[in-house]
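These are my notebook entries on a structure I went through element by element. I wrote them down in the order in which I looked things up.

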Amino acid sequence: MSSAVIRATGLQKSYAGVRVVDGLDLAINKGECFGLLGPNGAGKTTTLRMLLGLIEPDAGTAMLLDLPVPQAAREARIRVGVVPQMDNLDPDFTVAENLLVYGRYFGMDDAEIEARIPMLLEFASLTSKRDAKVPTLSGGMKRRLTLARALVNDPEVIFLDEPTTGLDPQARHLIWQRLRELTSQGKTLLLTTHFMDEAERLCHRLAVMDNGKLISQGSPRELIEQNIEPQVVEVFGETSGQWANEYAARFSQRFEVSGESVFCYVQDAQPLVAHLQAQSELRYMHRPANLEDVFLKLTGREMRE
Amino acid sequence: MSHYSLPRLSLRFFPIWRRHWLVWKKIAAPSILGHLADPVIYMLGLGYGLGSLLPEMGGMSYMAFLAAGTVCYSTMNSASFEALYSGFARMHEQRTWEAILNTPVSLDDVVLSEILWAATKSLMSGVAVLVVIWVLGLSHSMMSLWMIPLALLIGLAFAAIGLIMTALAPAYDFFMYYFTLVITPMMLLCGVFFPVSQLPQGFQIVASALPLTHAVDLARPLMSGAIPPQAALHIGVLLTYTLVAFYVSLVLFRRRLSR
């Protein structure tokens, strides 16, 4: 027995000869909000699907709430909620009907579900939309309804696959607030995202995934401290490339050129900033290193298709 | 957990069937009209128009002959449309299956609910046509009540066969092959509009293997009050189509959705 509510050991999955998940070890503790980061195609969704017992790994084992999956997936999923990447609400139903019909899949009786609906609607700020049809809802409302639907069975663990993709800032903030409430209620959250600000705000612990492997793990602060210099100076301008050739290595521990921008990673930014103040043709921005810098360092800057 | 293991069925299909029922209730009026309009117009149009030129067919009025065939092909059509177009929408477009599979319900339960729901639609469509037939006095026998379970059986067989297409379909366009190459030929070869015995020998052999032929062979005697000859054979063929097609479609869905 362990305190981990989700545990993966040596998880492996290939599609058409390509290793999508490659020897993944993961342990997520009760009450934790754990973020799985990675570029598109890193294997995040496949990992979630294996941990939910929806697909069978080629090798390795997965335990969900101390039950082996996929063997005991049905028993495990009674205590789990899922917010999928793409909306799959029932468009023919009202908001309340979506919750009722979904609760039945968990074997709950109608009275039990009806008793939870007002609380779920309030949590999702959808009380006034109870009888609205799904196609009339905004993107943010649909996401909140999907979140409420995932809570219909009062789950102990909630899987969220890119919960805020495609939402405007107001809608994202409302979702974040609700996810924090869930964490404070003691629920365990496993979410995937490629928004670094989302990961930094919400997650107690993060794992960065690329090409099916975990390449770094820790709290947001630990990831920054372990992987990257504390200060970043971004230098822009037509002559930035030329400037980088001559000076970047002298003033920074590490630098990267991306188009007309130069990213300088430094322990102490003062000498560089003083130098840049004298360069009238260049603009610059000095800021503390963040998770996005870590992410780009670990997974590279080139586009993923 | 092999794709080829036998279906593991549970009562968890029932909440999914109730979901489909709740959706249907919202569109019941146009849906019933859709079930009725097309077959009844064909039956009355051909029955009166062509029937007036034909003194009788198979020992009954052409309208009565046509009535039995109409119940069969309209149940076949409603199960096929439900399993193909609506089933594909739920699996692919609306991602309803994906939502359901995240709960303690398994794919086997989902596929079973699709077959049972499409058969339910067949039953409703068959009963609607039967009511018209009874009201018009085209069948007087109590034996015609057996048409109700027969409509369900026809629905199960064509739902299961149709789901094989759904499991293979890349997009809606794909279903056109099935309707033009399978469903329409069956309507014309299986004794709906004229006896199979009128066809050349080769076509008769093909027809004898097709499920709709066996449905019509059961329906026509029942409508005129007789016990169908070789009833066990015809029921056996329809049940075999149902069970084999259910298993094949399930294997195909497991493969399709295992990514």
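**Entry 1: a parallel pair and its cover**

I started with S6(A) and strand S7 (residues 157-161) of chain A, in a model that is predicted, and found that the two strands pair in the parallel sense over four bridges. Looking across the pair, I noted that A:Val82 stands opposite A:Phe159 in S7(A). I then asked which residues of strand S6 (residues 80-83) of chain A are buried on either face. A:Val80 and A:Val82 lie on one side and A:Gly81 and A:Val83 on the other, and all of them are buried, which leaves both faces of the strand covered.

**Entry 2: chain A as a whole**

I next took the overall figures for chain A, in which there are 11 helices and 14 strands. Its C-alpha trace spans about 70 × 45 × 35 Å along the principal axes, and of its 305 residues 43% count as buried. I also looked up contacts in chain A between residues at least 6 apart in sequence, and 67% of these join residues at least 24 apart.

The domain assignment divides chain A into domain 1 (1-79 + 157-174 + 181-226), domain 2 (91-155) and domain 3 (229-288). Taken over C-alpha atoms, the centres of domain 2 and domain 3 of chain A are separated by 51 Å.

**Entry 3: the four-stranded sheet**

I turned to an open sheet of four strands in chain A, whose order is S2-S1-S4-S5 and whose pairing is antiparallel. Strand S2 (18-29) and strand S5 (67-69) of chain A are its edge strands, each pairing on one side only. From one strand to the next, the twist averages 25°.

I also recorded that helix H1 (residues 44-51) of chain A packs on this sheet, where it touches strand S1 (4-15), S2, S4 and S5 of chain A, and that the direction of the helix makes about 120° with that of S1(A). For the pairing of strand S4 (residues 59-64) of chain A with S5(A), I noted three bridges in the antiparallel sense, with A:Met63 opposite A:Pro68 in S5(A).

**Entry 4: backbone exceptions around S5(A)**

As background for this entry, most residues other than glycine have a negative phi, and most peptide bonds are trans. In the loop between S4 and S5 of chain A I found A:Leu65, a residue other than glycine whose phi is positive, near 50°. Is A:Leu65 buried or exposed? It counts as buried because 21 C-beta neighbours lie inside 10 Å, while the cut-off for that class is 20 or more.

I then checked the peptide bond that joins A:Val69 and A:Pro70, which is cis, with omega about 5°. A:Pro70 is found in the loop between S5 and helix H2 (73-77) of chain A.

**Entry 5: S9(A) and its two partners**

I followed S9(A) to S3(A), to which it is joined by four bridges in a parallel arrangement, and found A:Val208 in S9(A) as the bridge partner of A:Leu37. Five bridges join S9(A) to strand S10 (residues 213-218) of chain A, and these two run antiparallel; in S10(A), A:Gln217 is the bridge partner of A:Ala207. S9(A) and S10(A) form a hairpin with two residues between them, and A:Asn211 in the turn has a positive phi of about 50°.

**Entry 6: helix H11(A)**

I listed the buried residues of helix H11 (residues 291-299) of chain A, namely A:Leu291, A:Asp293, A:Val294, A:Phe295 and A:Thr299. These buried residues pack against strand S3 (33-37), helix H7 (196-202), strand S9 (205-210), helix H8 (220-227) and strand S11 (231-236) of chain A. A:Gly300 follows H11(A) and has a positive phi, near 85°.

**Entry 7: chain B and the interface**

Finally I looked at where the two chains meet: 21 residues of chain B are in contact with 21 residues of chain A. On the chain B side, the elements that give two or more residues are helix H1 (13-26) and helix H4 (96-101) of chain B, and H1(B) gives the most, with six residues. The residues on this side divide into nine nonpolar, six polar and six charged.

B:Arg95 is found in the loop between helix H3 (62-93) and H4 of chain B, and its phi is positive, near 55°. I noted that B:Arg95 counts as partly exposed because it has 18 C-beta neighbours inside 10 Å.

Notes:
Residues numbered from 1 in each chain as written. Chains lettered and ligands numbered in written order. Predicted model: local features only at pLDDT ≥ 70, side-chain atom pairs only at ≥ 80, totals over all residues. Buried ≥ 20, exposed ≤ 12 C-beta atoms within 10 Å, placed from the backbone. Pairing = 2+ DSSP bridges. Domains from an automatic or database assignment. Contact = placed C-beta atoms within 7 Å. Nonpolar A, V, L, I, M, F, W, Y, C, P; charged D, E, K, R; others polar. Axes fitted to C-alpha atoms, helices over the stretch in contact; angles between N-to-C directions.
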